[in-house]
Structures are given as C-alpha cells and as structure tokens.
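Morning, everyone. I'd like to walk you through one structure today. Have a look at it first.

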Amino acid sequence: MDIQIKDLSHRFGEKSVFEHFDLTLQDGGLYGLTAPSGRGKTTLLRILMGLLSHDAGTISQGVRYSAVFQTDRLLPGRCAVDQLLFVRGSKKDRAEAARFLAGLLPENSLEQSVGELSGGMQRRVAIARALWAESDCLLMDEPFTGLDEATLRQTLDFILAKRQGRTLLLSTHQKELLTDYPFEWLRI
Amino acid sequence: MKPATSPRHFLQGLLVTLFWLGVWQAVSMLVAKPVLFASPLDTIRALWVMLPTSAYWSAVLGSLGRIALGFFLALALGLLLGVAAFRFSLLRTLISPLLTMMKTVPVASFIILVLVWFGSSSLAVIVALLIVFPQIYFATLSGLESTDQELLELARVYRVPRRRVAWRLYRPALWPYLTGSCASALGMSWKAGIAAEVIGNPAHSIGEQMYLSKIYMATAELFAWTLTVILLSTVFERTVLWLLRRVGK
C-alpha cells in the first residue's frame, strides 16, 4: 500500500520542523532521504512509526513498519539470533534466523553476545532484524553509520535482496556512496 | 574473576572465622561470667545438647515456616501491587501514603499492634510480611521504571507481543532491583520475625525458646539459639537468592 503524508505540520516549541508537508511513498518504492542535520529526517521517521505525535496533517494508517534506529537498540547480553527472534518467530525458527543472519555476519559470531561484537557488526544485526521482521515498510535512520565502504555496499546489497518488495525509506548523510543504486532521493 | 570456591577464598574465609571466634573467646574470658557472656565452646556444647531434642526442631521448623510464609506472601504481594501500580498511576498515588507509612513505622509498633489484633500464633508471619512488603513494592516499581525506553519503543514499532516484552525487557530490568531488595529484606524478615516471637511468645518458636533462655538465665542456650537463627537466616537467604537468580537468567 502507498503511504501518504498530507499537510503535515510539526513544531518543537517555537521551532517549526514541518509546515504543510506532503509526501507519497509508493508501495515497493526505494527512497533515500537526505537533508542537513536538524532538518527533521529522524522526526519524520518517528512520526511515521507513531512514536511522535504531530501537530496537524494526516498519515496513512495500518502500515506495519520495521525500523533501524540511529542507535542499534539491541537486547543486552543476547546473541544476534536472539535479536531477530525477539521481533519475529520462536525457538523453532532459530536455525532459519541463523541462516538469514549468515548472509551479513560471520557464522561464528551469530551465537555471541552482541556486546562482544564490533560496532559495525552490531549495526548489521540491527539491519538484519528490520529485514527479518514482518512489515510493509522499512524505515532506516542512518543505517550505514560505522560501516566502511565495502561493508556498506555488501550491506546495501543484502537489504535490497531481502526487502522482498517492501517500501524502503532510508535517511543518510552518505548519498554520494549510493549514487549507483536506484534510489529516488527526497529532500526535506 | 576467581571462583568463590577457590582454595584461596576458602582459606581466607576460614581465617576470618577463626579470627572472630578468637575475639569471641577472648571477650568471654575477659568477662569471665558465663551467665553474662557464653564462650564459643559453651555455645557449641549447648547447641549439641539441644540438637537431638524434638523441642529444638519443632521451634526451628515453626519459626522457619512462619517467617518464610511471611516473606513469600510479601514477595508475591509486593510484586503484584508493584506491577499494578506501575501500570495504573491512580493506584500508585492511592497507596503511596500507606506504603511510605509502612516503611517508617517502627517494627516494635507493628509487633504490638499485630499482637493486639491477631494474637501471637500468626504474629511472625504478619510482621515479616509488613516489613518485607514495602521493600519489594518499591524495588518492583524502581526496576520496572528503569526499563530501557529505547527498547520499549523498538518493541512497540515491531509489534512485539506483550508477554515477550514482559519477559525480555521488563524482567531483566526488574531482577537486579528485586534481588538486591530481597537480599536486605530476607535478613530483616528474620530479625523482625524473631523479635516478634520473643515479644509474642507463640508456641513452637525460636522466639519462645529465646525468651525462656532469658528467664532461666541460660546464656549459652540463648547464644545457641542466636547461632541457629544466623545459620537459618543465611541458608534461607542464599536459597532464595539462588532461586531468584536462576529465574532471572
């Protein structure tokens, strides 16, 4: 389903972040969101997820989101596989979740506590979790933070392979590294 | 970190125990009046005489049963009301003055009031409950409030089922608070429970036996009962904390 934002307005105190803002994300579309810091990229994603109430305007309802936040938000003391099973599945899906993760992480790291993984590996666990979850739309807030260029490309290829036709809205400061991917770029 | 059961740790523990036994022996020799201050040897001898008697075990089991019942009732009630108060702020506001009062009322006041209202048979149960309950309640509230808000947001976005959120997010946040609170509450429940028994004198209780030891000036027996309480309290505390840690894993 398409996601429509109509006439969105939002303020933080005296500061207006959105004023009569319109946006349509077509079902299955691939969108990149770029803007200078503080212009409302994260705010827009949080409003879409329902984590922030907006002052005015309408947003499509009934959309199931999965998200990569600016911070990884991983369950402390749990392994990478457990992070996936937290959002979907049960013990019997463990092997499937491990196979899924193996596309992005070394196999010997999958049962390690996430605290023992590097920052880049933790980031990839958070990305894999978003793709593993059942959803209609993937929202990713600066997903490539802490990844070198080669890992970024490997991760992006994994995202595109596993998104299974779901809408993807990705905010980034690294647009120049993504020019050879078919993103439709949005500016706010 | 070295395991707690390493030979070095064991030796350290043994030396510390021997040191304090030595201090105890020295003080008893200095006082030199067994009726005022029993020596370690007199105490062990008194305990040795008491151990095979049915009166000893009946008192031990009676007190253990009552105090354990009071503690576990308080644990269940504190957890239940703590969770309910976390969920419903009106309930929290409503019971807050009562809980604050319970935390500050002297144990002796509780003991006398319970004795007047309910008699001596259930005294230790109710007193242990009243002492432990506020501690568990406040620990439950603090633990639940300490749950990582970012992870709760994540669970909301991913529509994670409530039961899983409770088990994976709230429980790990709650458990350190709960075990910490239980560690101090367990000791308190024994202190208050035995004090209540000494005042209320219920049948088949350590408190009654301690009271009788005092009346007959049997100081070595009084020390032996005190040693019994220390051992019971330590074993009870370690067992409960071990159980809690297992559930919290």
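This is a predicted model: local features need pLDDT of at least 70, side-chain atom pairs count only at pLDDT 80 or more; totals for chains, interfaces and linings use all residues.

Let's start with the overall build. Chain A has five helices and eight strands. Read from the N terminus, the order is β-β-β-α-β-β-α-α-α-β-α-β-β. Buried residues make up 37% of the chain. Now the contacts in chain A between residues at least 6 apart in sequence: 73% of them join residues at least 24 apart.

Next, the five-stranded sheet. This sheet is open, its pairing is parallel, and the order is β5-β6-β7-β3-β8 in chain A. Which strands stand at the edges? They are β5, residues 65-68, and β8, residues 184-187, both of chain A. Each has a single partner strand, so one side of each has no neighbour in the sheet. On average, neighbouring strands are turned by 20 degrees against each other, direction ignored.

Look inside that sheet. Strands β6 (137-141) and β7 (167-171) of chain A run parallel, joined by five bridges. In one of these pairs, C137(A) has T167(A) in β7(A) as its bridge partner.

Two helices to point out here. Helix α1 of chain A, residues 41-49, packs on the sheet and touches β3, β5, β6 and β7 of chain A. Its direction makes about 150 degrees with that of β6(A). Helix α4 of chain A, residues 119-132, also packs on the sheet, touching β5 and β6 of chain A. The angle between the directions of α4 and β5(A) is about 175 degrees.

On to the other sheet. Three strands of chain A form an open sheet in the order β2-β1-β4, with antiparallel pairing. The edges are β2 (15-25) and β4 (56-59) of chain A, each pairing on one side only. Here the twist from one strand to the next averages 20 degrees. Strand β1 of chain A, residues 3-12, pairs with β4(A) over three bridges. I5(A) has I59(A) as its partner there.

Last, the contact between the chains. Chain A gives 12 residues and chain B gives 10. On the chain B side, α7 (149-157) and α8 (162-200) each supply at least two residues. The largest share, five residues, comes from α7(B). By class, that side has five nonpolar, five charged and no polar residues.

How values were computed. Residues are numbered from 1 along each chain as its sequence is written. Chains are lettered from A and ligands numbered from 1 in the order in which they are written. Two strands pair if DSSP finds at least two bridges between them. Helices (H or I, at least four residues) and strands (E, at least two) are DSSP runs, numbered from the N terminus. Axes are lines fitted to C-alpha atoms, for helices over the stretch in contact, and angles run from 0 to 180 degrees between N-to-C directions. A residue is buried if 20 or more other C-beta atoms lie within 10 Å of its own, exposed if 12 or fewer, and partly exposed in between; C-beta atoms are placed from the backbone. Two residues are in contact if their C-beta atoms, placed from the backbone, lie within 7 Å. Ala, Val, Leu, Ile, Met, Phe, Trp, Tyr, Cys and Pro count as nonpolar, Asp, Glu, Lys and Arg as charged, and the others, Gly among them, as polar.
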